[in-house]
Amino acid sequence: MTTTQFRAWPAVGALGLGLALFACGEYEDASSQGPLPSQASNLGRVPLGSAWAYIEPASHTAFLVGSHGGVPHARPVEIGHQPLKAQRHTGRDQLLVLTQGVVGARGVKEEAAALWVVPAAKELPTLTIPLDARYNDFAQSPDGNSVILFFSGSPKAGGEAAFNPNQLAVIDLVSPTPVPQRRSVPSLGSVPTGIDFSPALTLPDEALSLVVVRSNNYVTLLDLAHPERGEIGIPLTLPDDPRSLRPEQVLFDPAGPGIFIRASGSSDIYSIRLAPIPLEERVVGRHNFRPVLSQLAAGRSPSDMALFDAGEGLRLLVAGADRNVFVVDALSSRTVAVPVDHDVSTITLWSGPSPGNMVPTWQALLVSKETAKATFVDLQKLETLKTRNLEVVNVPDAAREVHPFVVAGLAVLLHANRSLTVLNLATRSVTPISSGVGIQKLRHYPVAPTLWLTTPTDRLAALNLVAGQLSVSDVRLDAPADDVLVTTDVLDSKPRLLVAHAHSAGYVTVLDALAPSRDNARSLRGFVATGLLERTERNAQ
Amino acid sequence: MNVVNGRGRLHSLMAAFTVALGVGAASMAAADDATLHAEAKAEVPRLSLGFFVNTGFARDKSFALFSDSPDVAGAGLAGEVRLVQLGRLGVSARAEFSSEESSGRWAQGSTNYEGSAVAAGGMLDVLVLRYLRPYVQVTAGISSAKVRLNGASDLGLAANDRVPFATGAAGLRAISQAKPWWTRGHVMAFSAFLEGGYTAARGYEFALRGRSPVLEDDIPFEAVQLGGLSRARPHVRIGASVHF
């Protein structure tokens, strides 16, 4: 060995060792999960009682954004993978989220589908209810005590070996430990398209609460309180009828008791009377009623219907493609047509004073989507007085949307040109409200007599609904408002305005709801990154 | 000096390091044996400048937001002043600047992490063999980091933080002396070192704020708490220096 070679050894040795140290390293634990996937975030947004709930599917996280002392505050809450649907839990300040979970595979950890109950209050824990199938829809009872999960639309297999698309899961959310109870509906060629919960239906010796499961061409009745009594499938068409009828609207007659169904593709209203079975004919484990189906003629292609009793018995008011409304006697099926000056797309019912009559009576507002007219209807003795009970008012334009605020005694029409018309239900006065930039959304909350109007600009307008005033003011924000929620501040209990701006990273502004101004406004931007490092560590494990 | 955490660039640095060592080795080979033997026990030149590349091992899984790998690669420059030489033992004062950078992704796009540090401290080395000087060193300084979340959002979400730190390390240095022709008789030496160490520091706490500058009448906005990122980590470092 020469001296020269020996002198080079230390450097060569150090170099070789250094190269060996730069071995490939990966987050082995995180390689299957990794950082959050680089796909566009799609923030779904649900208004709760005290906060906005944002759902970010990519990170399976819900963000509850509320006001704390006038300052916006975001709290991330972990939910399951693949959130499909989120709704406010009826009557409660919490969020319901349906997640489909993850279908297990080699190297992929299985996660069951689940219904998540996320309270807005930080102190309350999140409830996770595992499901027995990867349902893609759910419906709540009007009191929020029950939830039914089902497959709707064209359910796709998420990797399961097999599943029954007519399977349901019923969850009693009042129970201390909610557990899904499996039910199913008969498959008569379709899958459920919607679910309606009835009020208490009065039979001679019991009160029933039924669930109506709507499917194309048929409905199914379920008694949640008596699962042993089985389901009743009621076809709306004959077997050889080529039509496809989709039940769209269901109304209940608690005293009848009966059910009325409006279906697209049919000009008839379907009436299902629940005929009680005599005591001597009842069978244990079977229903105490027999459904009797009949069809009520109500014009052509009904678009809306409403039930009312103006002192002459229960009546069904039906509007459709004809320039008539039909008054149907629910008991005798007798139909009376009342001519109207225009098409009718929506029916709004209320009981209240009318011009010249301070005694509340049942009335209706018929709104057109094609002509610049609306009609007030006195429902009392409508079948005999017909057009004499109608009062037509002219509005600036056909209505694109109708927003009734019955408690405030107003109905607001949003027109195609993005202007408004305010109809006073008591005086039947018409007040046009114009806009230089166009009004996009209307929101009203009971805490203040204000109608909040969002526009494409950074101006948020407020329409004072106090009768006789209808003044408009606006406040300039730093970005256009996409939606508005009025809540109570968590810390000081003052009413706050939570303005949601359209932004993929999350953007909310909080203002004083009673006196909104830039001086008292605070914003929170990019809140989807809240606690991102802690959530990354969770995903990387 | 920023070094992108990419294997290609790191390999380029390694190649440059190899070239530098090769030049040093060649210059050493050019000196005659008698000169080297006579200078083997001589003092190390007073001043030195060098560069290094290092890799840290981020134990904190939160770092997955900024990198696909727990390795945090960086590079830096260092300077030393030899204070005392007592026989085989030497004491030096040391100052260094280092930086690191990495990128990753989040749900809406890419992420960036940039870190830098300045530190000063002392080193104790001892001559054990002809060219080998193992050493220990302790440095302390300030470390700063900046993170950015990019993507569809135009909010320009970025945050930075600064923390003090202290690093203890031990290593092995191979140093040789020579009289390269271009120094006209001055003593110069080249060295290479391999070192391992550990940095102790509190973690970074990042609070995202929107894009600046902020207009005077903008509605005030709250910072978004991104979370904490650990700064403490072990590291391995290799480098080369020239002593003069």
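A contact here means heavy atoms within 4.5 Å. The structure is a predicted model, in which local features need pLDDT of at least 70 and side-chain atom pairs count only at pLDDT 80 or more, while totals for chains, interfaces and linings use all residues. Residues are numbered from 1 along each chain as its sequence is written, chains are lettered from A and ligands numbered from 1 in the order in which they are written, and side-chain values use heavy atoms, with hydrogens and water left out.

**Exercise 1. Describe the make-up of the two chains.**

Step 1. Helices (H or I, at least four residues) and strands (E, at least two) are DSSP runs, numbered from the N terminus. Chain A has three helices and 42 strands. Chain B has two helices and eleven strands, in the order α-α-β-β-β-β-β-β-β-β-β-β-β along the sequence.

Step 2. Buried means under 20% relative accessible area, exposed over 50%, and partly exposed in between (1.4 Å probe, protein chains only). Of the 541 residues in chain A, 50% are buried; for the 244 residues of chain B the value is 51%.

Step 3. Among contacts in chain A with a separation of 6 or more, 43% involve residues 24 or more positions apart. In chain B, 69% of the contacts between residues at least 6 apart in sequence join residues at least 24 apart.

**Exercise 2. Determine which residues have the most contacts inside the largest nonpolar core.**

Step 1. A nonpolar core is a set of buried Ala, Val, Leu, Ile, Met, Phe, Trp, Tyr and Cys residues joined through side-chain atoms within 4.5 Å.

Step 2. The largest such core has 51 residues, and those with the most contacts inside it are A:Leu460, A:Leu497, A:Phe527, B:Leu149, B:Phe206 and B:Leu226. Strand β40 (residues 495-501) of chain A gives the largest share of this core, four residues.

Step 3. Leaving out residues up to four places away in sequence, A:Phe527 touches partners including A:Tyr54, A:Phe63, A:Tyr507 and B:Val224. A second, separate core of 20 residues includes A:Val219, A:Tyr270, A:Ile272 and A:Leu274.

**Exercise 3. Locate the largest cavity and identify its lining.**

Step 1. On a 1 Å grid over the protein atoms alone, a cavity is a set of points where a 1.4 Å probe fits but cannot get out; lining residues have an atom within 4 Å of a point. Grid points are joined across faces, edges and corners, and a volume is the space filled by probe spheres set on the points.

Step 2. There are five cavities of 30 Å³ or more, and the largest has a volume of about 240 Å³.

Step 3. Its lining comprises 24 residues, of which B:Asn54, B:Ser98, B:Glu100, B:Arg231 and B:Arg237 lie nearest the centre. Strand β4(B) supplies the largest share of that lining, six residues.

Terms used. 1 Å grid on protein atoms, 1.4 Å probe; cavity = no way out; pocket = protein on both sides within 12 Å on 5 of 7 lines; lining within 4 Å.
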